[in-house]
Amino acid sequence: MGADIHLHEDSSVTEKKGGVDYGKIEKKTYYSKDAEREKNLNILLPPGYDGSQKYPVMYVFHGIFGSEDSMTDDSMKIQTMLGNLVASGEAEKMIIVFPQMFTTKDRSLFPAFTNESSRAYDAVREDLENSIMPFMEENYSIKTGRENTAVTGFSMGGREALYVGVTRPQLYGYVGGVCPAPGIFPTVDGNMTHEGCMSPSEFCFGSAPSPYVLMITCTRFDGTVGDAPESYHKALEQNGVEHIWHELTDGDHGSISVRAHMYNFLRYAFKA
């Protein structure tokens, strides 16, 4: 995969074409045990979805202050790219789930640059395991097991995807992050002092299996998350964890970086 990384997506893959099935997006509501309330998510069904077949599942997380709709915005082109890549034989048919990440029982707590808010984003890990994954198994025809489960995301969602993937390696075989936000490690930035989830030395898999694909995408000059993506890359390097470091020489903290990441990640997911 490292030898086949494209700096950016091919322009043709983001254009809708006649005769190509781009699947459909369904908005669903599920009961979150960890938030003790109903939450929304969007589910992108693959081209030609057939309930008699089973499909691998990719979870895609949004950024801070976002929602389940953020990553389905047309600027991200995820639905279009998946349809075109499946049609060309470059990607597997898969279901993509876009959750609303913020998970807390505290109705007075809202997304913010605070550690309390960060912990509510971190709790998407439990929300996935306790509620979203069971919901998907009950309502859709899916394959289970780490070899059939991927997680990635943008900004805060990139941070959470890496956190979820590293701490739950038995569940996720494909892990990515686009412009991942600070906060996995204790650090200070322009917004807050992050208490962190683990030390850099713990950012590894120990005796657990590493992902089939572990990929971090960032843009070299990102004024929003600063050097957080590189800090994760360096920790993985120091811990001897094989991964793809996909650094853009241009781009932004937004859809340009997301498209570049998803183009590469979609092409290699579920192919180990």
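## Helix H1

In helix H1, the buried residues are Ile78, Thr80, Met81, Leu82, Gly83, Asn84, Leu85 and Val86. The structure is a predicted model. H1 spans residues 78-87, and because eight of its 10 residues are buried, the helix is largely enclosed by the rest of the structure.

Strands E2, E3 and E4 and helix H6 (255-268) are the elements against which the buried residues of H1 pack. After H1 comes Gly89, with a positive phi near 80 degrees.

## Nonpolar cores

The largest nonpolar core consists of 43 residues. Tyr59, Phe61, Ile95, Met136 and Phe203 have the most contacts inside this core. At least two core residues come from each of several strands, namely E2 (37-45), E3 (57-61), E4 (95-99) and E9 (213-219).

Another core, of 32 residues, lies apart from the largest one. Val13, Val60, Ile78 and Phe98 are among its members. Ile78 is also one of the buried residues of H1.

Which residues does Tyr59 contact, leaving aside its neighbours within four places in sequence? They are Val97, Leu128, Ile132, Met133, Met136, Thr149, Ala150, Val151, Thr152 and Tyr172. Met136, in this list, is also among the residues with the most contacts inside the largest core.

The largest pocket has a volume of about 270 Å³. It is lined by 21 residues, of which Ile64, Phe113, Ser155, Ala181 and Thr224 are the closest to the pocket centre. The lining comprises 10 nonpolar, 10 polar and one charged residues.

For the second largest pocket, the volume is about 210 Å³. Its lining includes Met1 and Gly2, the run Ser210, Pro211, Tyr212, Val213 and Leu214, and also Glu242, His243 and Ile244. By class, six of these lining residues are nonpolar, three are polar and one is charged.

Most residues other than glycine have a negative phi. Ser155 is not a glycine, yet has a positive phi of about 60 degrees. Ser155 sits in the loop between strand E5 (149-153) and H4, and counts as buried because its relative accessibility is 8%. Ser155 is also one of the residues closest to the centre of the largest pocket.

Glu36, likewise not a glycine, has a positive phi of about 55 degrees. The loop between strand E1 (24-32) and E2 holds Glu36. Is Glu36 buried or partly exposed? With a relative accessible area of 43%, Glu36 is partly exposed.

## Cysteines

A search of the whole structure finds zero disulfides. The nearest cysteine sulfur to that of Cys197 belongs to Cys204, 15 Å away, and Cys197 is in no disulfide. Cys197 counts as partly exposed, at 28% relative accessibility.

Cys218 is in no disulfide either, and the nearest cysteine sulfur, that of Cys179, is 6.7 Å away. A disulfide would need the two sulfur atoms within 2.5 Å. Cys218 counts as buried because its relative accessibility is 4%.

Gln170 lies in the loop between H4 and strand E6 (174-178). Its relative accessible area of 47% makes Gln170 partly exposed. The C-alpha atom of Gln170 is separated by 8.1 Å from that of Gly145, a residue 25 residues apart from Gln170 along the chain.

Methods
Residues are numbered from 1 along each chain as its sequence is written. This is a predicted model: local features need pLDDT of at least 70, side-chain atom pairs count only at pLDDT 80 or more; totals for chains, interfaces and linings use all residues. Side-chain values use heavy atoms; hydrogens and water are left out. On a 1 Å grid over the protein atoms alone, a cavity is a set of points where a 1.4 Å probe fits but cannot get out, and a pocket is an open set with protein on both sides within 12 Å along at least five of seven lines; lining residues have an atom within 4 Å of a point. Grid points are joined across faces, edges and corners, and a volume is the space filled by probe spheres set on the points. Ala, Val, Leu, Ile, Met, Phe, Trp, Tyr, Cys and Pro count as nonpolar, Asp, Glu, Lys and Arg as charged, and the others, Gly among them, as polar. Buried means under 20% relative accessible area, exposed over 50%, partly exposed in between (1.4 Å probe, protein chains only). A nonpolar core is a set of buried Ala, Val, Leu, Ile, Met, Phe, Trp, Tyr and Cys residues joined through side-chain atoms within 4.5 Å. Helices (H or I, at least four residues) and strands (E, at least two) are DSSP runs, numbered from the N terminus. Contact means heavy atoms within 4.5 Å.
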